[in-house]
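Dear colleague,

Please find the structure below, handed over for your use. A written account of the findings comes after it.

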Amino acid sequence: MYVDLHIHTCFSDGTQSPEEVAQIAKNQGLSAISICDHNTIAAYERLYIACKSLGLKLIPGAEIDVLWQNKRMHLLAYNFDFTNNAMSELLNSTKHKSGKCYPIEYACKIIRKANGVPIIAHPGVTWHEETDDLSTILESIKSTEIGGIECYYPWNTDDVTEICIDFCKQNNLCITCGCDGHGDENKKYMFDLFGVDYDIGSKKVPISLLNLRGIL
Ligand SMILES: [Zn+2]
Ligand SMILES: [Zn+2]
């Protein structure tokens with residue numbers, strides 16, 4: 001059983017429709033997906049229909065801009081209640097480029113109140129210049145009540161993956177897998193530039209290696 005818990009659609013900066021994304025995920029042999037558009041859940045109305053007709057499990061998700069020690073970073077939110085007012089406000093106020101960017105502690109609190117799980121997105125990208133200090137960084141971010149880390153991600157190096165998995169296991173945190181697919185144009189660009197494959201479902205990690213408590 002495979003999952004891809006980080007996919008974008010044309011409702012944020014991806015190029016594919018919700019229906020296209022669902023079909024590709026199905027063709028890739030995935031069992032469950034989560035669409036994490038930037039600061040919006042607008043794709044979900046169509047996603048529910050598309051995924052249901054394909055027998056694909058759909059997990060509520062979004063990618064939210066947050067601040068940690070004055071650094072802008074991305075936080076994934078999973079399985080939260082779409083009808084929660086504070087959560088809707090958080091997404092709405094962070095939606096636009098000029099929108100607000102709250103401290104990670106605040107965002108985690110809101111996500112948890114909406115029964116969701118906050119996960120640190122793509123650590124290998126966020127701290128690509130600080131991978132030597134990653135353990136220390138993760139240790140100091142722990143108190144923000146994060147629920148886990150996107151340990152498996154196309155751009156996470158083997159070292160980053162290992163450090164994150166160890167950290168999650170030691171602290172009983174979720175271990176997730178996401179490929180951050182944005183569609184064909186972006187895929188080609190990223191592959192040509194960095195040789196990284198961001199295709200939906202391109203990272204096939206057996207679910208036994210993940211920890212999706214509270215998410216799946
Ligand atoms: Zn991101
Ligand atoms: Zn993303």
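Predicted model: local features only at pLDDT ≥ 70, side-chain atom pairs only at ≥ 80, totals over all residues.

Residues are numbered from 1 along each chain as its sequence is written, and chains are lettered from A and ligands numbered from 1 in the order in which they are written. Helices (H or I, at least four residues) and strands (E, at least two) are DSSP runs, numbered from the N terminus.

One open sheet has 3 strands in the order 1-2-3, with parallel pairing; two strands pair if DSSP finds at least two bridges between them. Strand 1 and strand 3 (57-59) are its edge strands, each pairing on one side only. On average, neighbouring strands of this sheet are turned by 20 degrees against each other, direction ignored. Axes here are lines fitted to C-alpha atoms, for helices over the stretch in contact, and angles run from 0 to 180 degrees between N-to-C directions.

Strand 1 (residues 3-7) is mostly covered, with 5 of its 5 residues buried. A residue is buried if 20 or more other C-beta atoms lie within 10 Å of its own, exposed if 12 or fewer, and partly exposed in between, with C-beta atoms placed from the backbone. Strand 1 runs parallel to strand 2 (residues 32-35) and is joined to it by 3 bridges. Asp4 has Ile33 as its bridge partner in strand 2, and Ile7 has Ile35.

Ala22 lies in helix 1. Why does Ala22 count as buried? The reason is that Ala22 has 28 C-beta neighbours inside 10 Å. Leaving aside neighbours within four places in sequence, Ala22 is in contact (C-beta atoms, placed from the backbone, within 7 Å) with Leu47, Ala50, Cys51, Leu54 and Leu56. Ala50 is 28 residues from Ala22 in sequence, and their C-alpha atoms are 6.3 Å apart.

Strand 7 (residues 117-120) pairs with strand 8 (residues 148-152) in the parallel sense over 2 bridges. The partner of Ile119 in strand 8 is Gly148.

Helix 6 (residues 134-141) packs with helix 7 (residues 158-171) at an angle of about 35 degrees, their axes 10 Å apart. In this contact, Leu134, Ser135 and Leu138 of helix 6 meet Val160, Ile163 and Phe167 of helix 7. By class, the contact has 5 nonpolar, 1 polar and no charged residues; Ala, Val, Leu, Ile, Met, Phe, Trp, Tyr, Cys and Pro count as nonpolar, Asp, Glu, Lys and Arg as charged, and the others, Gly among them, as polar.

An exposed residue

Glu185 lies in helix 8 (residues 184-194). Glu185 is exposed, with 10 other C-beta atoms within 10 Å.

With kind regards

Methods: Contact = placed C-beta atoms within 7 Å.
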